[in-house]
Amino acid sequence: MNVTDLFTLLPLLILGGAAIVVMIVVAIHRSHILTLTLTLIGLALAFASLWWIAPEAPRQVTSLLVIDRYAIFYTGLVIAATFAVALLCYGYFERHPGNPEELYILLLLAALGSAVLVASSHFISFFLGLEILSVSLYAMNAYIRAWSLPLEAGIKYLILAASSAAFLLFGMALVYAELGTMDFAKIRELVTASPDLNRAVLLAGTALIITGFGFKLALVPFHLWTPDIYEGAPAPVTAFVATVSKGAMFALLLRYFYWSGTHHFGAVFLVFTIIAIASMIAGNILAMLQTNVKRILAYSSIAHMGYVLVAFQAGGQLAVQAVTFYLVAYFITIIGAFGVITMISDGDRDADSIEDYRGLFWRRPALAAVFTAMLLSLAGIPVTAGFVGKFYVISAGASSAIWLLVFVLIVTSVFGLYYYLRILVALYSGLAHEEAHAASGAAMVSSSSLAPALSISGGVVLAVLTILLVWVGVYPATLLNIIHSTVGLL
Amino acid sequence: MAVWPIGLYFILVVLLILGMLIGSHLLGQRHSEKATGQPYEGGILSEGSAQVRLSAKFYLVAMFFVVFDLEAVFVFAWAVAGKEVGWAGYWEILVFIGILIATLIYLWRLGALDWGSPGRPRRRV
Amino acid sequence: MLHWLWLIPALPFAGAFVLIVFGPKMAHKAVAIIGPGTIAVSAVISILITYSFITSPPPDHVFVQNLWTWLDVGGFHPHIALYLDALSLLMTLVVTFVSFFIHWYSTEFMLGDEGYSRFFAYMNLFVASMVTLLLGDNLLLLFLGWEGVGLCSYLLIGFWYTDPVNGRAARKAFIVTRVGDTAMTLGLLLLFTHLGTLNIQELMHRAQQQWPVGSTLAVWAGFLLLGGAVGKSAQLPLQTWLPDAMAGPTPTSALIHAATMVTAGVYLIARTHALYSIAPAAQLAVAVVGTATLILAGFAALTQWDIKRVLAYSTVSQIGYMFLALGVGAWSAAIFHFMTHAFFKALLFLGAGIVINACHHEHNIFKMGGLWKELPVAFWTFLIAGCSLAGLPLITAGFYSKGLIIWETRAAEHGNQTLWILAVIGVLLTSLYTFRLIFVAFFGEAKTHVEHKPGYSLKVPCIVLAALSIVGGFVETPRFLGDIHVFTDFLHNALPAVVEGHATGMSELGSELWVTLAFVIGLVVSYYLYMVKPSLVEALTAPAISKALHRFWFSDWGMDWLYDHLFVRPVVWLARIDRNDIVDSFYDGLAFISQVFYRGLRTTETGRVRWYAAGIVLGSIIFVAIVLFA
């Protein structure tokens, strides 16, 4: 550990430092806008520092962390997503009673945990990052203490994440017991070098590690928590859970299984195939008849993680790029979708019923247009980022001839179209007469109807995301070049 | 490696458990008197509900303990190896303690240290 | 300069986007600046590009602007690229130029309409799509533009959507052209799957290399593409949508259904001319379709009383001439007629718009009359355009372009005498219905009081287009009349010159004289019938046989009736008896199965943490078992 090592850890140090600074400032003077500003500055600094440290990459910092271009790219993605979520949080928590300031500390810490995850090359840093992320998420999920649903979500997430972490730890212990190392690269050496290993222990350990990954990524059969947490957590927090935590975990999944070489085991490949197929089918079917938009998105996220697994299964250069491209598209889309939900939720409850969206186009055409774009992207319609992402995933699958997975992906995508269209239909259907009256008139008498004050910060985020969505869909070359020159080197 | 011993072992385990359950079901005596359903607490009648609301302060103490006493373990570990780790270690522990102090300031300003004076809460809700 | 090419489609797109997003809240003035303004800049850029293309031509007279690669996966890498050669340049120039004048005209014409910004948004989108279609380097962009103009046409025909009749007309246009589009899509897929590239030029190149002349695949591809062209260009047998499309605002009719969009089919065939040169059967079909259409539509136009429908049928008929030219291999003649037609037909519609506005939205020409005194500008420009349409010798552009087509029909390798005779008869019909329209609407006694006098924005475009309707023809003249070849020479690098075959027993002069004769006969007959002895018309139409004929022609040879009985009713009947059909039950079954699965899976979502934890445990046990025993 020397000065250069410390220097390459700059993004992580800045994130951690920002969390402490924000905490002290909160202690001295409570101000929502000040906290937000400091958070954003911290994130922006951390993001900028990626350019300063890029020339040093790749660099192994102790045996725990590796700062290579892959890690830098994903750290950037994590930070950018956190930035967007922080902006969404401002409008959302401004409408709520209670202190919103601590949320930003948690947000920064969660981002730190995710950044550790994407840079880790060792079980220890893996677990450390995971726990920093998870513990922050427990509190974030339950942040609105006045409502019962967030509390429920927080507790459920706490119990389940802790138990799945126990499985993960046990898996790591088994692998360590057999190989005597916790370094990903060394695992590969040992696995390939010595044929007389006791495979049973190693495989059982790997299976339990898959449990740990599966829980965070909400893959079947570890997915059961997803809808409850998505529904219960405040909308911007859900956006964070759905994107940053999953994206960082997936980045680590790629790194661990490709680096350690365990992906080549037939049995592990089989397990992932089963998980992918089950996730795609169960996710899409469960979403079909839901009436709660947050739950629909939860189930659809299960399916989407299944899609990404298809690319993961393909293996090789193209797979890494396809996964990364898909994740970026997914980040943009999901933050956008939850951004819309955030925007039309008010201080009383989140806008999660599909009824809240009925005729949204006639009340807030811009929001409805954004939501439409996001849903079309999720469904994979051309000219959106989602289409290009799905296209890459399918071609990655096709290039490795994993036809069963590709087939299931295509068929279940059709199912997916159904529930996205259900929301779309609701968005554009006409208002009932009285409702139209109320919308055009002054007072919203009905207690169930939402009357949020739209936040400017949220609007800006949504506008930027929509532009990005179409930009990536029409002109993917920029993003592809970036991905090619960074993560291509994993 | 033969698999059948494991299978046999598994079957034996299941049989043993089944045997115990069925045996106790068949042989055991049954009654249903007035106090049968009540919990046994050393012969004293139980009183009140089990779901008592405990003061949150209790948890605060527990958390302070976790935060400060367990962190002391790290400081102690440093102190033991203070000479070997040199200045680098010194700065590291300084940062560590600095973060702890920041946390303490935060908790103090939050009013977590105001003991038993609910009259003037510091926190703005 | 050539590098500004991308701006030509980009600017109208940007204009459309701005108008869609901000239009409803904009002032009329701002809309009137953004809408026509973006088109004006596009037109200026295309003029500049034309200038630079002529003065310092790019290598091989082709300029490809590679904007970006959309996707690049496993051999499939569609470029977003623009292809500029003489053909696409000329068409782009005409489209942007004519569109600009029509946009300008619309700023006054549509004033007071509540969908003002919506109108310009659609119009801009239309121009953008059309230019994309013209400049697209590959099938993907071509298809995008093709569908884009189809969509805009639908939106604009049904612009006044509160009247169900307009909605019906819009749907009819959409569905009828869809029949052709389906054929075209099949054709494009055929080309793509057999030749393995999306790039149009590469495609043509490979087709000529890999397929022998007259090979089945080439003929199939040619016929399928012809299907698309026939639908978009309103040729037999898919012409029925165009007359009904007159339901849209008049500038729309001028822009889409006369000057630009309907010529997309002509462009498609000209662009893929290499394919047709190895598929003689398909090329002959193009000529036959064109000829049949021009005759049938000419008769139908004779009987219409709605000013816009007369013009609509004349459009169908004139595009028939273009198809005829394409069919005999006179590629540049077809494009020449496209250009002159764009000028005078746009002008005719603009003039008709002024007339209709002036007469309280009256469409019936028999209720007009005597308008030449009241609307001098409209009259004179309309007269010039009409003469150009009918082919007034020596002066008008229409004479030169049509004369060239008719001469090539006789002289070209693929031409023959029958087609030539029918084409000359077409001239007679054109002259007849054009002057019938002019005499009835503008002369005689005034039957309607004129109210709205046109303003400058209505008049100036008419005057400019009138000038072009005359001057536009002097770029290409017959041998005996100056022998100018500017137009053909310009297109020479994009379209092969006509192969002159058997010009036996006829000289170019002779052909032109026959055309002139046909024109004069048409003029004289209609003058006699509608100016001198109008009673004769009634006498002519009185007998039962001619009444029936009149009705038959009026209904466009009963095509609508035929299609109604041939396709619509059987389909409706089938749909009715097949209400709970067997195929549907398959999909119902699918839906039912997924519902059952949904119900089953839903029970796993209990909301209980212990059950969720059990899921994690169970999953782990199963996977450990799999990895150990698999």
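In this predicted model, the domain assignment divides chain C into four parts: domain 1 (1-137), domain 2 (190-542), domain 3 (546-579) and domain 4 (581-629). Domain 1 of chain C and domain 4 of chain C have C-alpha centres 52 Å apart.

Helix packing was examined next in chain C. Helix α14 (residues 307-328) of chain C packs with helix α15 (residues 331-358) of chain C. Their axes come within 9 Å and cross at roughly 175°. An angle over 145 degrees counts as roughly antiparallel, and α14(C) and α15(C) are therefore roughly antiparallel to each other. On the side of α14(C), the contact uses Ile307(C), Lys308(C), Leu311(C), Thr315(C), Gln318(C), Tyr321(C), Met322(C), Ala325(C) and Leu326(C). These meet residues of α15(C), including Trp331(C), Phe338(C), His341(C), Leu348(C), Phe349(C) and Ile356(C). The contact of α14(C) with α15(C) comprises 15 nonpolar, four polar and two charged residues.

Chain A also holds a packed helix pair. Here helix α13 (residues 293-314) of chain A lies against helix α14 (residues 317-344) of chain A. The angle is about 170°, and the axes are 8 Å apart. α13(A) and α14(A) are therefore roughly antiparallel to each other. Residues of α13(A) in the contact include Val293(A), Leu297(A), His304(A), Tyr307(A) and Phe312(A). From α14(A), Leu318(A), Val323(A), Tyr326(A), Tyr330(A) and Ile341(A) are among the residues that take part. Of the residues in the contact of α13(A) with α14(A), 16 are nonpolar, one is polar and one is charged.

The contacts between chains were then considered. Two pairs of chains touch, and the pair of chains A and C has the most contacts. By contrast, no contact joins chain B and chain C. The closest C-alpha atoms of chain B and chain C lie 10 Å apart.

The contact between chains A and C draws 40 residues from chain A and 27 residues from chain C. On the side of chain C, β1 (63-69), α26 (582-602) and α27 (609-629) are the elements that each give two or more residues. α27(C) gives the most, with 13 residues. The side of chain C that touches chain A divides into 17 nonpolar, eight polar and two charged residues.

How values were computed:
Residues are numbered from 1 along each chain as its sequence is written. Chains are lettered from A and ligands numbered from 1 in the order in which they are written. This is a predicted model: local features need pLDDT of at least 70, side-chain atom pairs count only at pLDDT 80 or more; totals for chains, interfaces and linings use all residues. Axes are lines fitted to C-alpha atoms, for helices over the stretch in contact, and angles run from 0 to 180 degrees between N-to-C directions. Helices (H or I, at least four residues) and strands (E, at least two) are DSSP runs, numbered from the N terminus. Angles under 35 degrees count as roughly parallel, over 145 as roughly antiparallel, 65 to 115 as roughly perpendicular and the rest as oblique. Two residues are in contact if their C-beta atoms, placed from the backbone, lie within 7 Å. Ala, Val, Leu, Ile, Met, Phe, Trp, Tyr, Cys and Pro count as nonpolar, Asp, Glu, Lys and Arg as charged, and the others, Gly among them, as polar. Domain bounds come from an automatic or database domain assignment.
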